[in-house]
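I opened the notebook to record what I looked up, one topic at a time. The sequence and model come first, and my entries follow.

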Amino acid sequence: MFEKAKKSGTELLGKTNRIVEGTSIIGNIVSKADFRLDGELIGNFTSQGKLVMGPSGVIKGEIICNNADIEGEFEGKLKVLEILNIKATARIHGEVVVGKLSIEPGAEFTATCSMLTNSKEVILKDGKGAEQKPKE
């Protein structure tokens, strides 16, 4: 009678998770919804949504997501399947693979960069990682 149906990934994409400034996480984050990070993550991040990293955000590890806006500091491997926006306050070091790239003047971008040839989307596998499949 009062059973809640499980929400699909598309219903979750309007929701946003938050890690606030002053919070540090050591480990991996897997999310179907959008995510805002103003704290610190040492580990990997995978999402079917958009990652927004605020100016105080720090990530050391690997990111795989569909879209991202980066204002903080990132070190590692960054794979954004659609659009990566790097803001003027951002500091990116490592390896970047993107569908489309936008860098504001003033950003620190010390990375190898390759562009994806065809658009794909992130598919979460049992909450443990991600694989990609071509968009239809």
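**Entry 1, ground rules.** I am working with a predicted model, in which local features need pLDDT of at least 70 and side-chain atom pairs count only at pLDDT 80 or more, while totals for chains, interfaces and linings use all residues. Residues are numbered from 1 along each chain as its sequence is written, and side-chain values use heavy atoms, with hydrogens and water left out.

I looked up the secondary structure and found 1 helix and 14 strands; helices (H or I, at least four residues) and strands (E, at least two) are DSSP runs, numbered from the N terminus. The chain has 136 residues, of which 35% are buried; I use buried for under 20% relative accessible area, exposed for over 50% and partly exposed for what lies in between, with a 1.4 Å probe and protein chains only.

**Entry 3, parallel pairing.** I followed strand β7 (residues 50-53), which pairs in the parallel sense with strand β4 (residues 34-37) over 3 bridges. With strand β9 (residues 67-70), β7 again pairs in the parallel sense, over 4 bridges; two strands pair if DSSP finds at least two bridges between them. Which residues stand against L51 of β7? F35 is opposite L51, and in β9 the bridge partner of L51 is A68.

I next checked S47, which lies in strand β6 (residues 45-47) and is buried, its relative accessible area being 0%. What does the side chain of S47 reach? One of its polar atoms lies 3.0 Å from the backbone oxygen of A33, and the side chain of S47 also reaches the backbone nitrogen of G49 at 2.9 Å.

L84 belongs to strand β10 (residues 73-86) and counts as buried at 0% relative accessibility. Leaving aside neighbours within four places in sequence, I find L84 in contact with A68, I70, L78, V96, V98, K100, L101 and S102. The C-alpha atoms of L84 and S102 are separated by 6.2 Å, although the two residues are 18 residues apart along the chain. L101, one of the contacts of L84, lies in strand β11 (residues 91-103) and is partly exposed at 31% relative accessible area. Together with I103 and M115, L101 forms a nonpolar surface patch of about 250 Å² of accessible area; patches take residues with over 30% relative accessible area and no salt bridge, joining like charges within 9 Å and nonpolar side chains (Val, Leu, Ile, Met, Phe, Trp, Tyr) within 5 Å.

I counted a salt bridge where a side-chain nitrogen of Lys or Arg lies within 4 Å of a carboxyl oxygen of Asp or Glu, and the count comes to 5 salt bridges. D38 forms one with R18, the closest N and O atoms being 3.4 Å apart. This pair links distant parts of the chain, with D38 in the loop between β4 and β5 (40-42) and R18 in strand β1 (residues 16-19), 20 residues apart. D38 is buried at 9% relative accessibility, whereas R18 is exposed at 52%.

K50 forms a salt bridge with D69, with 3.2 Å between the closest N and O atoms. K50 lies in strand β7 and D69 in strand β9, so the pair ties together parts that are 19 residues apart in sequence. Of these two, K50 is partly exposed at 32% relative accessible area and D69 is buried at 13%.

The side chains of E73 and R91 meet in a salt bridge at 3.3 Å, N to O. E73 in strand β10 and R91 in strand β11 are 18 residues apart, and the pair links distant parts of the chain. Both are partly exposed, E73 at 24% and R91 at 28%. As a last item, I noted that salt bridges that share partners join R18, R36 and D38 into one network.

Notes
Areas by Shrake-Rupley, 256 points an atom, 1.4 Å probe, with all protein chains shown as cover. Polar contact = N/O pair within 3.5 Å; in protein donor to acceptor, adjacent residues only side chain to side chain. Contact = heavy atoms within 4.5 Å.
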